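Welcome, and thanks for taking a look at this one with me. My notes follow as numbered points, to be read with the structure open beside them.

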Amino acid sequence: MNALKLLIASCLVAVSIAANAQQTYLWKISLPGNTRVSYLFGTYHKVGESFFEHYPVLRKALQSSTDVVTEVELNRQKLSQLYRDKPATDSLRQTLGPKDYQKVVFVLGDSSDNIKKLGPESVVSRLQSRFESLNCSALQVTDQYFLDEYIQVLAEKLNKKNHYLETVNMQLTYLEETKKKMSWSQARFYIKIILKQYSKYKKSGKTTCSLADNYTQFRLQYQLDQSCKNLNADKKKLVVERNEKWMLLLPTLIEKNSTFISVGLEHLHFECGLIMQLRKLGYSVEPIPMLPADVAS
């Protein structure tokens with residue numbers, strides 16, 4: 001009977017942990033025999049600082065850490081430097097015509113000179129991202145920073161040491177290798193669709209942003225027991241391969257310092273995710289409930 005009670009209790013604890021895991025993106029990392037605590041936070045890159053500040057436990061975890069780890073340095077001044085070395089072309093204007101070209105410049109909110117340095121894939125990608133940020137109720141237009149960028153800025157203000165898992169060039173290489181190549185004529189087709197959607201949703205006030213909604217409503221599932229073998233080639237390149245490289249760096253940082261690790265949420269999913277990889281090394285990685293400010297207080 002005692003054995004049966006213990007088994008039932010164990011099952012209930014397992015169910016409780018699984019349920020809590022779906023209601024949070026923050027995880028506590030500890031090692032038996034070591035009093036030092038670190039944290040793992042899964043982000044959605046397009047969400048802004050209002051999401052972070054809506055959950056006080058996130059700032060508390062960052063404040064209690066000495067070091068902060070993010071994927072790549074998001075210094076706007078340094079990133080803008082990347083434009084200057086690229087040749088400008090008039091391909092986009094010639095492809096779209098002056099009227100639609102000006103619409104693209106307006107929607108992207110960037111200078112015409114910068115946009116002339118973008119390739120067809122980059123124009124489509126940035127338009128999709130911009131369209132989502134302008135028309136999605138889950139994304140606050142008043143936010144000044146994207147989530148990962150805000151964490152870096154906040155860490156600097158709080159005198160934390162910032163570490164980066166990749167250089168900008170490393171991340172761009174990964175994106176280029178997985179980005180679907182397209183010609184300007186192909187890009188024209190997608191750009192026209194996005195501009196049409198932009199006009200439609202601007203007039204109707206409707207929103208379309210399932211990924212952002214799913215993230216902010218905690219609908220995304222970790223599926224920690226699911227194998228990564230069936231992921232497509234791009235996912236294996238962008239997630240699995242990078243996780244393996246990051247796991248060569250993270251244990252050293254965790255063992256030396258109380259560290260706040262912030263990476264895209266996809267890097268926490270499945271058996272190949274950072275949660276399971278750390279557990280395989282003997283770390284305890286457990287979910288911390290994220291209560292909104294009005295509940296936490």
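**Notes for a first look**

1. Let us begin on the surface. Phe189, Tyr190 and Ile193 together make a nonpolar surface patch of about 290 Å². Of these residues, Ile193 belongs to helix α11, which spans residues 184-204. Ile193 has a relative accessible area of 35%, so it counts as partly exposed. Please keep in mind that this is a predicted model.

2. Now for the overall picture. The protein chain contains 16 helices and six strands. It has 297 residues, and 42% of them count as buried. The chain exposes about 16,500 Å², with carbon and sulfur atoms supplying 54% of that area. Among contacts with a separation of 6 or more, 82% are between residues 24 or more positions apart.

3. Helix α9 deserves a visit. This helix covers residues 147-157, and eight of its eleven residues are buried, so it is largely enclosed by the rest of the structure. The buried residues in α9 are Leu147, Asp148, Glu149, Tyr150, Ile151, Gln152, Leu154 and Ala155. After α9 comes Asn159, which has a positive phi, near 60 degrees.

4. Which residues of the largest nonpolar core touch the most other members? They are Leu40, Phe41, Phe51, Phe52 and Phe260, in a core of 45 residues. Helix α9 gives this core its largest share, five residues. There is also a second, separate core of 19 residues, and Leu96, Ile115, Leu118 and Leu127 are among its members.

5. Phe52 and Tyr150 are both buried. Elsewhere in your tour of the rings, look for one aromatic cluster formed by Tyr25, Tyr44, Phe51, Tyr55, Tyr215 and Phe218.

6. A proline comes next. Pro251 is found in helix α14, residues 250-256. Is it buried or exposed? Pro251 is buried, because its relative accessible area is 13%. Beyond its neighbours within four places in sequence, Pro251 is in contact with Leu281 and Tyr283. Tyr283 is 32 residues from Pro251 along the chain, yet their C-alpha atoms are separated by 9.4 Å.

7. On to the charged side chains. How many salt bridges does a search of the whole structure find? The search finds ten. One of them joins Asp90 and Arg93, at 3.5 Å from N to O. Asp90 has 30% relative accessibility and so counts as partly exposed. Arg93, at 27%, is partly exposed too.

8. Another salt bridge joins Lys103 and Asp100, at 3.8 Å from N to O. These two residues are three apart in helix α6 (residues 98-108), so about one helical turn separates them. Lys103 is partly exposed at 35% relative accessibility, whereas Asp100 is buried at 11%.

9. Finally, look at Lys235 and Glu266, whose side chains form a salt bridge at 2.4 Å from N to O. Lys235 lies in helix α13 (residues 233-246) and Glu266 in the loop between β5 (259-264) and α15 (274-280), so the pair ties together parts that are 31 residues apart in sequence. Lys235 is partly exposed, with a relative accessible area of 30%, and Glu266 is partly exposed, with 41%.

Terms used
Residues are numbered from 1 along each chain as its sequence is written. This is a predicted model: local features need pLDDT of at least 70, side-chain atom pairs count only at pLDDT 80 or more; totals for chains, interfaces and linings use all residues. Side-chain values use heavy atoms; hydrogens and water are left out. Patches are made of residues with over 30% relative accessible area and no salt bridge: like charges are joined within 9 Å, nonpolar side chains (Val, Leu, Ile, Met, Phe, Trp, Tyr) within 5 Å. Accessible areas come from the Shrake-Rupley method with a 1.4 Å probe; for residues, only the protein chains shown count as cover. A salt bridge is a side-chain nitrogen of Lys or Arg within 4 Å of a carboxyl oxygen of Asp or Glu. Helices (H or I, at least four residues) and strands (E, at least two) are DSSP runs, numbered from the N terminus. Buried means under 20% relative accessible area, exposed over 50%, partly exposed in between (1.4 Å probe, protein chains only). A nonpolar core is a set of buried Ala, Val, Leu, Ile, Met, Phe, Trp, Tyr and Cys residues joined through side-chain atoms within 4.5 Å. Contact means heavy atoms within 4.5 Å. Rings of Phe, Tyr and Trp (its six-membered ring) pair if their centres lie within 6.5 Å; planes under 30 degrees apart count as stacked, over 60 as edge-to-face and the rest as tilted.
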